[in-house]
Amino acid sequence: MLRLLRPLLLLLLLPPRGSTEPPGLTPLSPGAPPQPPDLLYADGLRAYAAGAWASAVPYNYLQRAYYQLKKRELAAAAAHTFFVANPMHLQMREDMAKYRRMSGLRPQSFRDLETPPYWADYDTGLELLGRLEVGLALPRLEEALQGSLAQMESCRAACEGPEEQEQETEEEEEEGGAGSHGGLYPAIAGHWIRVLQCRQRCVTDIATRPGRSLPVPDFFPSQLRRLHEAHAQVGNLSQAVENVLSVLLFYPEDEAAKQALTRYQAQLGEKGLGLGPREDIQSFILRSLGEKRQLYYAMEHLGTSFRDPDPWTPAGLIPEVLRAKLREDQEKRPWDQEPPQPTPLAYWKDVLLLEGVTLTQDARQLNGSERAVLDGLLTPAECGVLLQLAKDAAGAGARSGYRGRRSPHTPHEHFEGLTVLKAAQLAQAGTVGSQGAKLLLEVSERVRTLTQAYFSPERPLYLSFTHLVCRSAIEGEQEQRMDLSHPVHADNCVLDPDSGECWREPPAYTYRDYSGLLYLNDDFQGGDLFFTQPNALTVTAQVRPRCGRLVAFSSGVENPHGVWAVTRGRRCALALWHTWAPEHQEQEWAEAKELLREPEQEEEEEEEEEEDETPSRDPVPEPPSRKPQRTHDRAGKAPWVREEL
């Protein structure tokens, strides 16, 4: 595929004589922000020459070229291929939203030109199973398993052969094992160990989708489980036995598999006595176990390193001296901890009465899970104070983290953001009123308390980031607008609309557990929040902003959401994210509280000194006053603030 694309790309991207841009790039309209550097022609060719096919950069240019040639299906496929490898690319996210709204483009048009075929079979098989079309799903699931095993053989073959000396040196220094020092035999041993390590890594490579950094857990056993269940549903009990016996090769004590095997054999009777596991899986496991033995031996006796990619490796295979350390590492995995069970709704209603707010819509009314709309968190006067704070801060040029005036998500809106620390600094300098800055802190804690009481009463929640944001429609740029104010996304994982999966891995803020949006006004057009299914297309609920309305929800794949375009006026809201992890608690919140509290404390201390002229018999020394942490660098500039939404 790449050999065909490279000459086509060069032909399409050759600019006309005297032109500075390739014909595939859409000309910029007057007043539009400059295009990102990776869309410039020179950078594109440099990326191509540097071998940027690994990150799919040329597909970005290819989709623009196809679009100019009015080949929309090819443009959508090229755009999708780039987006799979670069899911956080903001401009491509906007382009994908436009492609999905174009008439004539089907879901099949958004295909990944770089993904191995077995992933397409895997996804199609899962989709058919979800629709209970088991007979149609079976051949696709079988092709997915065969294709992934064939890809495994190709990956293993690529591990063999000569090595570059530079690569050898780097790996030897990193692993500190055999081959690090001279001699023929150590060099041979070191080379063989690296080959074995590479072969074992193939399991992770095959189970990892292009553009992702984490594999599908237990990829091969999970495929076999689906196969034996599907075969049993359509009456292919012999194949069901073969696949469930293959599962037991991975996990001999799997109770569900053993019960299924007993059930299948009882139905087959004597016909099931001679059946055994699949030969391809049996060969795969025997070979893998043999390699693991050698690697663990080298780890114990030669000091090499080895990260076992498989959770099914028998404990007896691992040397006793290594088991304790490996067990300790596994116990540190954060994903093994189950979140607490939700508290009954009756308790939540009691909390709401205490807080003086009303539950307007619960998860059932919002057609989802772990989402709610609550009203009454702010009075109209409090909304006015916070709106004035945002206006004053914007007038002072205090956009925290956003260099330009236009939104990072759409060229048709202005975006202004204010953090709690920046608000406190501006209040201390007299640029904004201290009342608004103090209210910002108080309200954020109010939202945190309510969110914890509603969703997580048995486990404390911490604020991880607080942001007062305003989106303003740019006059004269709203005609025939097709994009969103904020594209559909999840807050703690990278959403893949095509597969419906959400990858909880960087660059997503994986530590976020609950999100909240507290609205300040409703005198604008558009700007409604909406929830979708994981495909990012099917809208399940929509919420209209109003003063004092809080929309709170869990931050994962169960709550993909976006914001409709703001086409007139200015929409302001307080965005908050909460976490169960205390190490990710927002430090700027504490700094802002200290900045706003210190003048009051000094006045109180001075008044106490004037009143207490006569010392007590047994005086207690006053604690030293806490100094605010340094909030400016040497040049006197405010520190850089993370760009979070």
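At what angle do helix 10 and helix 11 pack, and how far apart are their axes? The angle is about 155° and the axes lie 8 Å apart. Axes here are lines fitted to C-alpha atoms over the stretch in contact, with angles from 0 to 180 degrees between N-to-C directions. The two helices are therefore roughly antiparallel (over 145 degrees).

This is a predicted model: local features need pLDDT of at least 70, side-chain atom pairs count only at pLDDT 80 or more, and totals for chains, interfaces and linings use all residues. Residues are numbered from 1 along each chain, and side-chain values use heavy atoms, without hydrogens or water.

Helices (H or I, at least four residues) and strands (E, at least two) are DSSP runs, numbered from the N terminus.

| Helix | Residues |
|---|---|
| Helix 10 | 219-234 |
| Helix 11 | 237-250 |
| Helix 7 | 134-158 |

Helix 7 has 25 residues. At 1.5 Å a residue it should span 36 Å, and its end C-alpha atoms are 36 Å apart, which agrees. The expected span is 1.5 Å times one less than the number of residues. Its buried residues (under 20% relative accessible area) include Leu138, Met152 and Arg156. The buried residues of helix 7 pack against helix 6, helix 9, helix 10 and helix 13.

Aspartate 498 sits in the loop between strand 6 and strand 7. Its relative accessible area is 37%, so aspartate 498 is partly exposed (between 20% and 50%, 1.4 Å probe, protein chains only). Beyond neighbours within four places in sequence, aspartate 498 contacts His80, Arg100 and Phe110. Histidine 80 is 418 residues away along the chain, with 9.6 Å between the C-alpha atoms.

Notes: Parallel < 35°, antiparallel > 145°, perpendicular 65-115°, else oblique. Contact = heavy atoms within 4.5 Å.
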